[in-house]
Amino acid sequence: QVQLEESGGGLVQPGGSLGLSCVASGSIFSIHVMGWYRRAPGKLREQVAIINHEGLTTYAASVKDRFTISRDNAKNTVYLQMNSLKPEDTAVYYCNAKVQRVGVSIRYDYWGQGTQVTVSS
């Protein structure tokens with residue numbers, strides 16, 4: 001199986017910065033796309049940023065120019081650097097990875113357990 005473990009959430013003041021990281025482990029052959037999603041109270045889960053194996057990135061309009069996604073393929077790790085945080089960024093952030101497991105020919109979606117990010121003064 002495959003596990004995703006997130007770290008780095010917490011409480012930060014508006015305008016502050018916070019970094020998240022997510023490590024994938026287990027029976028991994030390759031990871032295609034890794035990304036971050038979030039769910040704010042009373043809202044649906046939304047895509048924040050994704051990055052493919054070659055480093056091509058896509059951002060939600062609401063975070064573009066404030067958040068930066070990156071990955072270390074050798075470590076099966078994806079990062080999210082969040083700057084100029086706003087109260088509306090408050091949410092549970094989830095890591096996602098599209099993984100091809102060893103001995104399996106198709107990719108499956110895996111999710112982390114989520115980490116809380118709260119932006120408040």
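A: Happy to! Before we start on touching residues, here is the cut-off: contact means heavy atoms within 4.5 Å. Also keep in mind that this is a predicted model.

Q: What does the side chain of Arg-66 reach?
A: The backbone oxygen of Ser-62, at 2.8 Å.

Q: I'm also looking at Asp-65. What is its phi?
A: Phi of Asp-65 is near 75 degrees, which is a positive value in a residue other than glycine. For context, most residues other than glycine have a negative phi. Asp-65 is in the loop between S6 and S7, and with a relative accessible area of 77% it is exposed.

Q: Where does Asn-76 lie, and what about its phi?
A: Asn-76 is in the loop between S7 and S8. Its phi is near 50 degrees, again a positive value in a non-glycine residue. Asn-76 is partly exposed, with a relative accessible area of 23%.

Q: Changing topic: how many disulfides does a search of the whole structure find?
A: The search finds 1 disulfide. Cys-22 and Cys-95 form it, with their sulfur atoms 2.1 Å apart. The pair links distant parts of the chain: Cys-22 is in strand S3 (residues 18–26) and Cys-95 in strand S9 (residues 91–101), 73 residues apart.

Q: Is that link left-handed or right-handed?
A: Left-handed, with -80 degrees about the S-S bond. Both Cys-22 and Cys-95 are buried.

Q: What about aromatic pairs, how many turn up?
A: A search of the whole structure gives 1 aromatic pair. It is made by Tyr-37 and Trp-111, whose ring centres are 5.0 Å apart.

Q: Why is that pair called edge-to-face?
A: Because the planes of the Tyr-37 and Trp-111 rings are at 70 degrees, and planes over 60 degrees apart count as edge-to-face. Tyr-37 lies in strand S4 (residues 28–39) and Trp-111 in strand S10 (residues 107–111), so the pair ties together parts that are 74 residues apart in sequence.

Q: Are those two buried or exposed?
A: Tyr-37 counts as buried, at 14% relative accessibility. Trp-111 is partly exposed, with a relative accessible area of 33%.

Q: What lies over the face of Trp-111?
A: Arg-45 does, at 3.9 Å from the ring centre.

Q: Let me follow up on Leu-80. What does it touch, again leaving out residues up to four places away in sequence?
A: Quite a list: Leu-18, Gly-19, Leu-20, Trp-36, Val-48, Ala-49, Phe-67, Thr-68, Ile-69 and Tyr-93.

Q: And what about Val-99, where does it lie?
A: Val-99 lies in strand S9 and is buried, with a relative accessible area of 0%. Beyond four places away in sequence, Val-99 touches Val-2, Ile-28, Ser-30, Ile-31, Ile-106, Arg-107, Tyr-108 and Tyr-110. Take Ser-30: its C-alpha atom and that of Val-99 are separated by 6.0 Å, although the two residues are 69 residues apart along the chain.

Q: Last one, Asn-52. Which backbone nitrogens does its side chain reach?
A: The side chain of Asn-52 reaches the backbone nitrogen of Glu-54 at 3.0 Å and the backbone nitrogen of Leu-56 at 2.8 Å. Asn-52 lies in strand S5 (residues 46–52) and is buried, with a relative accessible area of 16%. Not counting residues up to four places away in sequence, Asn-52 touches His-32, Val-33 and Arg-71.

Note on methods
Residues numbered from 1 in each chain as written. Predicted model: local features only at pLDDT ≥ 70, side-chain atom pairs only at ≥ 80, totals over all residues. Heavy atoms only, no water. Helix = DSSP H or I, 4+ residues; strand = E, 2+ residues; numbered from the N terminus. Buried < 20%, exposed > 50% of the residue type's maximum accessible area, 1.4 Å probe, protein only. Polar contact = N/O pair within 3.5 Å; in protein donor to acceptor, adjacent residues only side chain to side chain. Disulfide = S-S within 2.5 Å. Phe/Tyr/Trp six-rings, centres within 6.5 Å; stacked < 30°, edge-to-face > 60°. Lys NZ or Arg CZ within 6 Å of the ring centre and 35° of its normal.
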